[in-house]
Amino acid sequence: MVAARAGGSTATVSLVANGKTQGRVSEDNIARVRDAIAELGYVVDSVGSSLARGVSSIVILVAPDISNPFFAKVIAGVRESLGSDYQLLLSVTDAGEFPQAHDVRKLLALRPAGLLVDAPNPDFLEDLSAAGPLVLLDAPGLESYAPSVNLDVAFGARQLAAHLAGAGHRTVAYVDSVTGTATFDVRRNAFLDEAATRGISVPSDCIISATIDVGAAAAAFTQAWPNWQRAGVTAVVCGTDTHAYGVLQEARVAGVRIPDQLAVAGFDDLPYSATSNPGLTSVHLPATPLGQKAGEQLRALMEGRPLEQAQLTLESSLVVRGSTG
């Protein structure tokens, strides 16, 4: 129908619709085909095309707990590196829940060109058993499963412990994520280990968990604060900045002076952390470069190019602001 409307061939329509006109179709014919496509509302049958090619142009990004604003910057980096040649499809879960392999396998029926998995755990990867190009993001300790782009969150966690020790804190609380992914284990354990070597106590009953949500973190703080006061807690480290925002919010409501009575710190260094009142001390994790590098790695695999390095690690760093004095 498009060919008839444009007065050309179906082969010409195919070239125009798939962006393969350079040196093969005249500008006049391109214009006529595009006009006909617009008039008729034609779209390429991507499912039929993927069946013919054996693979689609879809890239699936599996991410736990998309409620974390950190993922928005990761997604932006992935999109930038993939460009217009690939369409990004997100497979996400509700807050606090980890992706299930059987749900992702349903999406594999779309014949994706590649798969990105953010913050997985080994059980998920073993259950998934996905064939085809695969790259992991923020997956410490899982490098044997696939090419990976990781964040050195442990370095930043150790810097944070040293900073708090240097400021004189001796009893610290910790707000963890309930997601249960390896990256949160690494940041928590690295902080606790370094804190212990520097004389900081983190009592077990002062370690709590909450979903990555400001309201949930605020409620968790409200419940925990009386016990923290009795334990002599003078600082709290949060597994994400989002948790820390909840703590700051509820601390103000309770009349707790930050940082005089309670120092607060997080991980991620989200944009709002620099402008909050007070500014939030945070471990900077390069979210956009994480997505960019992972997208670049996956694109190379999808296009049959060898990887210069199968495993990449991006540095973290501590950004000290007013919330810790």
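**Close-up views of a predicted model**

**View 1. Ser 91 in strand β2.** Ser 91 is found in strand β2, which covers residues 87–92. The model shown here and in the other views is predicted. At a relative accessible area of 11%, Ser 91 falls under the 20% cut-off and is therefore buried. Leaving aside residues up to four places away in sequence, Ser 91 touches Ile 60, Leu 61, Val 62, Ala 63, Val 104 and Leu 107. Asp 103 lies 12 residues from Ser 91 in sequence, and the two C-alpha atoms are 8.5 Å apart in space.

**View 2. Packing of helix α2 against helix α3.** On the α2 side the contact is made by Thr 12, Val 13, Val 16 and Ala 17, which meet Ile 30, Val 33, Arg 34 and Ile 37 of α3. Six of the residues in this contact are nonpolar, one is polar and one is charged.

**View 3. Helix α11 and its ends.** Helix α11 runs over residues 241–253. With 13 residues at 1.5 Å a residue, α11 should span 18 Å; the distance of 19 Å between its end C-alpha atoms therefore agrees with expectation. The N-terminal end of α11 is capped by Thr 240, which has a side-chain oxygen 3.3 Å from the backbone nitrogen of Thr 242. After α11 comes Gly 255, with a positive phi near 75 degrees.

View 4. Of the 13 residues in α11, 10 are buried, and the helix is mostly covered. The buried residues are Asp 241, Thr 242, His 243, Ala 244, Tyr 245, Gly 246, Val 247, Leu 248, Glu 250 and Ala 251. Their cover includes the strands β6 (172–177), β7 (207–210), β8 (235–238), β9 (263–268) and β10 (281–284), together with helix α10 (214–231).

**View 5. The protein chain as context for the close-ups.** The chain contains 12 helices and 12 strands. Its C-alpha trace spans about 80 × 40 × 30 Å along the principal axes. Of the 325 residues in the chain, 50% are buried. Among contacts between residues at least 6 apart in sequence, 73% join residues at least 24 apart.

Definitions and conventions: Residues numbered from 1 in each chain as written. Predicted model: local features only at pLDDT ≥ 70, side-chain atom pairs only at ≥ 80, totals over all residues. Heavy atoms only, no water. Helix = DSSP H or I, 4+ residues; strand = E, 2+ residues; numbered from the N terminus. Expected span 1.5 Å × (residues − 1). Buried < 20%, exposed > 50% of the residue type's maximum accessible area, 1.4 Å probe, protein only. Contact = heavy atoms within 4.5 Å. Polar contact = N/O pair within 3.5 Å; in protein donor to acceptor, adjacent residues only side chain to side chain. Nonpolar A, V, L, I, M, F, W, Y, C, P; charged D, E, K, R; others polar.
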